[in-house]
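Hello,

Here is the structure I said I would pass on. My notes on it follow below.

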Amino acid sequence: MTAETITADACGTWKLGDLPVNRVGLGAMRLTGSAAFHLGTSSDRARSIAVLRRAVELGVNHIDTAAFYFSATRSANELINTALAPYADDLVIATKVGPFRDYHGEWGTSARPDQLRGHVEENLRQLGRDHLDVVYLRRMRQDSISEHFGALAELREAGLVRHLGISAVGPRHLAEALEIAPVVSVQNRFALDRPDPVDDEMLRLCGERGIAFVPFYAVAGEAGDHAASDTHDDTVRDIARDHGASPAQIRIAWTLHQGPHVLAIPGTGNPDHLAENVAAGALRLTADELARLDALHTPAG
């Protein structure tokens with residue numbers, strides 16, 4: 001099979017609460033431009049809309065977005081609304097609240113708990129929905145998330161939000177949140193070439209508790225906001241060559257091999273990269289290949 005014929009169900013499914021999703025989804029951040037936020041040039045609108053529609057054709061039913069995903073002339077939520085509304089019944093759209101950008105694209109002060117309703121309502125307006133499937137509280141250096149997460153739990157009780165997640169957190173933040181309301185997913189930075197003991201522990205804890213772990217920048221690695229990484233270890237390149245795959249596909253495959261609760265949300269505004277990202281879900285790494293890749297993630301000593 002070619003990348004164009006492999007669909008997002010090739011790696012199986014997981015449930016976000018009561019919402020089943022294929023484990024390979026789509027991150028919407030790259031739809032707005034050549035790099036995240038205001039760091040690059042704005043995307044071609046028609047091309048980004050085509051990527052979204054092609055993603056759904058390929059079986060992607062989990063899209064990760066946020067109202068603060070915009071460039072000078074593009075909004076991820078507007079693109080999603082234009083491309084996909086009316087939404088399919090099985091499409092799950094996850095959003096994030098907490099961070100704030102002004103109309104010039106500059107980062108403002110993180111939201112107070114009493115401002116989170118406004119963030120949720122802005123996502124609802126942009127997406128053209130009456131409720132949000134999953135909302136993450138993105139922690140912004142708060143020592144405790146109880147007050148902020150409690151505010152979102154109230155919106156869940158009010159019916160504006162169906163399920164809750166948390167992002168950029170450690171074990172104690174997860175414990176805080178679980179005292180308030182169910183947590184269906186955790187979204188932390190996690191990548192093959194970026195070992196971090198806190199994120200590794202969150203991966204493990206989520207697996208034990210049946211909570212989805214949704215890494216961001218899994219392909220970009222240290223490049224983060226700016227672009228997908230084009231620097232790959234020789235081990236990654238060798239394994240990619242053996243599979244007739246790209247290094248980015250190997251990074252996605254390794255991520256998915258970390259557990260059945262791990263969901264991939266690689267972002268792209270390129271239709272060819274989209275097909276490759278989805279096809280990565282069909283790659284099966286051997287035990288030896290996983291061991292060699294794991295060695296890159298876990299520093300010696």
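A salt bridge here is a side-chain nitrogen of Lys or Arg within 4 Å of a carboxyl oxygen of Asp or Glu. Please keep in mind that this is a predicted model.

By that criterion, Arg-204 and Glu-201 form a salt bridge, with the closest N and O atoms 2.5 Å apart. Both residues lie in helix α6, 3 residues apart, which is about one turn of the helix. Arg-204 is partly exposed at 40% relative accessibility, and Glu-201 is partly exposed at 27%. A network of salt bridges links Glu-201, Arg-204 and Glu-208.

The whole structure has 16 salt bridges. One of them joins Asp-143 to Arg-172, at 2.9 Å between the closest N and O atoms. Asp-143 lies in the loop between β6 and α4 and Arg-172 in helix α5, so this pair ties together parts 29 residues apart in sequence.

Asp-193 and Arg-251 also meet in a salt bridge (3.1 Å, N to O). Here the loop between β8 and α6 is tied to helix α8, so the parts joined are 58 residues apart in sequence. Asp-193 is partly exposed, at 31% relative accessible area, whereas Arg-251 is buried, at 2%.

As for the sheet, 7 strands form an open, parallel one in the order β3-β4-β5-β6-β7-β8-β9. Its edge strands are β3 and β9. Helix α3 packs on the sheet and touches β5, β6 and β7, with its direction at about 145° to that of β5. Thr-95 is in strand β5 and is buried, with a relative accessible area of 0%. Its contacts beyond four places in sequence include Thr-65, Asn-123 and Val-135.

Regards

Technical notes: Residues are numbered from 1 along each chain as its sequence is written. This is a predicted model: local features need pLDDT of at least 70, side-chain atom pairs count only at pLDDT 80 or more; totals for chains, interfaces and linings use all residues. Side-chain values use heavy atoms; hydrogens and water are left out. Two strands pair if DSSP finds at least two bridges between them. Helices (H or I, at least four residues) and strands (E, at least two) are DSSP runs, numbered from the N terminus. Contact means heavy atoms within 4.5 Å. Axes are lines fitted to C-alpha atoms, for helices over the stretch in contact, and angles run from 0 to 180 degrees between N-to-C directions. Buried means under 20% relative accessible area, exposed over 50%, partly exposed in between (1.4 Å probe, protein chains only).
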